[in-house]
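This report goes through one protein model, from its overall make-up to single residues. Please look at the structure before reading on.

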Amino acid sequence: MEKLRIVFMGTPDFAVGILNTIYNNNYEIVGVITAPDKPAGRGQKINRSAVKQFALEKNLRLLQPTNLKSEDFLTELKSLKANLQVVVAFRMLPEVVWKMPKYGTFNLHASLLPQYRGAAPINWAIINGETKTGVTTFFIDDKIDTGAMILHRETEISNSETVGELHDRLMHIGGETVIATLKMISEGNVKTTLQEEISEIKTAYKLNKENCKIDWNKNGNQIYNLIRGLNPYPAAWTFIKDNENEWNVKLYDVKFENETHHHKPGQILTTKKEIKIATHDGYLHINSLQFPGKRKMESSELLNGIQFSENAMAF
């Protein structure tokens, strides 16, 4: 079988971890495709994707198409003469792109497919209180995350693990799984499995401001899972109102204590060093948080500058 000539497609840090593993295993990477640069933040500073930064550091051929169907891009992609494409955390590809290489195009997805198809599988696995997850490689087809599976690797999720911690573990597991997939393809012994169409498929919806907001009417474990499933990014948030003051506050490191009490859900209780917020079935102990315009800080540090009244509520 001929030597693999790989085009890699991806954008965020997770994709960089996989690209780096391919690079370090001495596979030939003939091109890297990532998102165009875009302005970000209050200063609208031009932001390069993590994959672009890696490609420039390693002097890899880089393409940043705005239109994946444009003739100019397709001509340039074809000129790379890749026989395989690897996709990690990129956008949906048109058929003319994913069908181009001789050995096809495969994707690494950070879930055990068919569960958690979509944009944020690592977050939603934790938000939904799953005790296991994993990664799957599959050949791309004309729908999102539905193609024939090649390999999957499973791992446990601890009940205290944050999305940041799980992200890093899955990046390592994902790198190993991609290398194993590349070996199978290069040796010509790939066997695929069609994804089952099961009735209760959970979707990894794109995260937005609305689904990252804390609903204090939910039980304590649900709120706890939402917060750790969004820690450190993009972070769960809530409004806090104390008399005439109202803030949009992000919560990070928390612990849930199941306890019967008489406080209203969302009621804030403080000591000189501790903040806790009541839920229906207990208290969330807030270890770190971020007020607007301020850096993330420990609760004990915040309480040096802010004192909450007995009327303070999260909502």
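**Overall make-up**

The model is predicted. Its secondary structure consists of 8 helices and 20 strands. Of the 315 residues in the protein, 50% are buried. The protein exposes about 16400 Å², and carbon and sulfur atoms account for 48% of that area. Taking contacts between residues at least 6 apart in sequence, 65% link residues at least 24 apart.

**Salt bridges**

The structure has 12 salt bridges.

| Glutamate 28 | Lysine 3 | 3.8 Å |

Which parts of the chain does each pair connect?

Glutamate 28 forms a salt bridge with lysine 3. Glutamate 28 is in strand 2 (residues 28–33) and lysine 3 is in the segment before strand 1 (5–10), so this pair ties together parts that are 25 residues apart in sequence. Glutamate 28 is partly exposed, with a relative accessible area of 28%, whereas lysine 3 counts as exposed at 57%.

Glutamate 197 sits in the loop between helix 6 (163–187) and strand 11 (203–204), while arginine 117 belongs to strand 8 (residues 117–118), so the pair ties together parts that are 80 residues apart in sequence. Glutamate 197 counts as exposed, at 64% relative accessibility. Arginine 117 counts as buried, at 14%.

Glutamate 130 is found in the loop between helix 5 (121–127) and strand 9 (132–139), and lysine 202 in the loop between helix 6 and strand 11, so parts that are 72 residues apart in sequence are tied together. Is glutamate 130 buried or exposed? Glutamate 130 is buried, because its relative accessible area of 19% falls under the 20% limit for that class. Lysine 202 counts as partly exposed, at 38% relative accessibility. Elsewhere, salt bridges with shared partners join Lys3, Arg5 and Glu28 into one network.

**A residue in a loop**

Alanine 148 lies in the loop between strand 9 and strand 10 (149–156). With a relative accessibility of 19%, alanine 148 counts as buried. Which residues is alanine 148 in contact with, leaving aside its neighbours within four places in sequence? They are Phe138, Phe139, Thr192, Thr193 and Leu194. Alanine 148 and aspartate 253 are 105 residues apart along the chain, and their C-alpha atoms are separated by 38 Å.

**The cavity**

Rolling a probe the size of a water molecule over the atoms shows where empty space is left. The count comes to 1 cavity of 30 Å³ or more. The largest cavity holds about 30 Å³ of space. Which residues line the largest cavity? Its lining is made up of Ile240, Leu251, Ile268, Ile275, Ile277, Ile286, Leu289 and Phe308. By type, the lining residues divide into 8 nonpolar, no polar and no charged.

How values were computed
Residues are numbered from 1 along each chain as its sequence is written. This is a predicted model: local features need pLDDT of at least 70, side-chain atom pairs count only at pLDDT 80 or more; totals for chains, interfaces and linings use all residues. Side-chain values use heavy atoms; hydrogens and water are left out. On a 1 Å grid over the protein atoms alone, a cavity is a set of points where a 1.4 Å probe fits but cannot get out, and a pocket is an open set with protein on both sides within 12 Å along at least five of seven lines; lining residues have an atom within 4 Å of a point. Grid points are joined across faces, edges and corners, and a volume is the space filled by probe spheres set on the points. Ala, Val, Leu, Ile, Met, Phe, Trp, Tyr, Cys and Pro count as nonpolar, Asp, Glu, Lys and Arg as charged, and the others, Gly among them, as polar. Helices (H or I, at least four residues) and strands (E, at least two) are DSSP runs, numbered from the N terminus. Buried means under 20% relative accessible area, exposed over 50%, partly exposed in between (1.4 Å probe, protein chains only). Contact means heavy atoms within 4.5 Å. Accessible areas come from the Shrake-Rupley method with a 1.4 Å probe; for residues, only the protein chains shown count as cover. A salt bridge is a side-chain nitrogen of Lys or Arg within 4 Å of a carboxyl oxygen of Asp or Glu.
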